[in-house]
Amino acid sequence: MNPVFRFGAILFFMLLLTLLVYLTVLYFLSMPLWENKIIPAYLINYLLAIGIYAYLFSARKKYSDSLGFLFMAGSFLKFAAFFIFFYPAYHADNKIETLEFATFFIPYTICLIIETMGLIKILQN
């Protein structure tokens, strides 16, 4: 199986599981389920993680000494996406609520963990 496709499938199922757990917690806490740009947060994190992994995988031979720096540049790209697409809406009332923060950074963290594991596999080969 293509490693990028495999990575994308694993990431998809982990994010889906995370989203279901997150929505369940919100439901039991009687909090709004679909607010704070939850779908775009998961989708953007997913797409960026796949893009970053695909780039790292394709660059593994040519830039093997720089993969760590390229990985960090990918994390910077995800933070830029946060500040461009989410920060203005989250900070519209001059404060970022915990729920707003969690909506973006939970999928960010899951993607970061899975990307790190993927990079470790690339570096081991």
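Before the first stop, a word on helix axes: each is a line fitted to C-alpha atoms over the stretch in contact, and the angle between two of them runs from 0 to 180 degrees between N-to-C directions. Keep in mind too that this is a predicted model.

Now select helix 2 (38-58) and helix 4 (98-124). Helix 2 and helix 4 pack at an angle of about 15°, and their axes are 9 Å apart. Angles under 35 degrees count as roughly parallel, so helix 2 and helix 4 are roughly parallel to each other. Their crossing is right-handed. To see who touches whom, show side chains: on helix 2 the contact includes Ala41, Asn45, Ala49 and Ile52, and on helix 4 it includes Thr103, Pro107, Cys111 and Glu115. By class, this contact has 16 nonpolar, three polar and one charged residues.

Next, pick Tyr53, Gly118, Lys121, Ile122 and Asn125: of the 17 residues lining the largest pocket, these are the closest to its centre. The space in that pocket is about 350 Å³. Which helix gives the most to the lining of the largest pocket? Helix 4 does, with six residues. The lining has ten nonpolar, three polar and four charged residues.

Last stop: select Phe12, Leu15, Leu16, Leu19, Ile39, Tyr42, Leu43 and Tyr46, which line the second largest pocket. About 180 Å³ of space lies there. Helix 1 and helix 2 each supply at least two residues of this lining. Colour it by class and you'll find eight nonpolar residues, no polar and no charged.

Notes: Residues are numbered from 1 along each chain as its sequence is written. This is a predicted model: local features need pLDDT of at least 70, side-chain atom pairs count only at pLDDT 80 or more; totals for chains, interfaces and linings use all residues. Side-chain values use heavy atoms; hydrogens and water are left out. On a 1 Å grid over the protein atoms alone, a cavity is a set of points where a 1.4 Å probe fits but cannot get out, and a pocket is an open set with protein on both sides within 12 Å along at least five of seven lines; lining residues have an atom within 4 Å of a point. Grid points are joined across faces, edges and corners, and a volume is the space filled by probe spheres set on the points. Helices (H or I, at least four residues) and strands (E, at least two) are DSSP runs, numbered from the N terminus. Ala, Val, Leu, Ile, Met, Phe, Trp, Tyr, Cys and Pro count as nonpolar, Asp, Glu, Lys and Arg as charged, and the others, Gly among them, as polar. Angles under 35 degrees count as roughly parallel, over 145 as roughly antiparallel, 65 to 115 as roughly perpendicular and the rest as oblique. A crossing is left-handed if the near helix is turned anticlockwise from the far one by less than a right angle, and right-handed if clockwise. Contact means heavy atoms within 4.5 Å.
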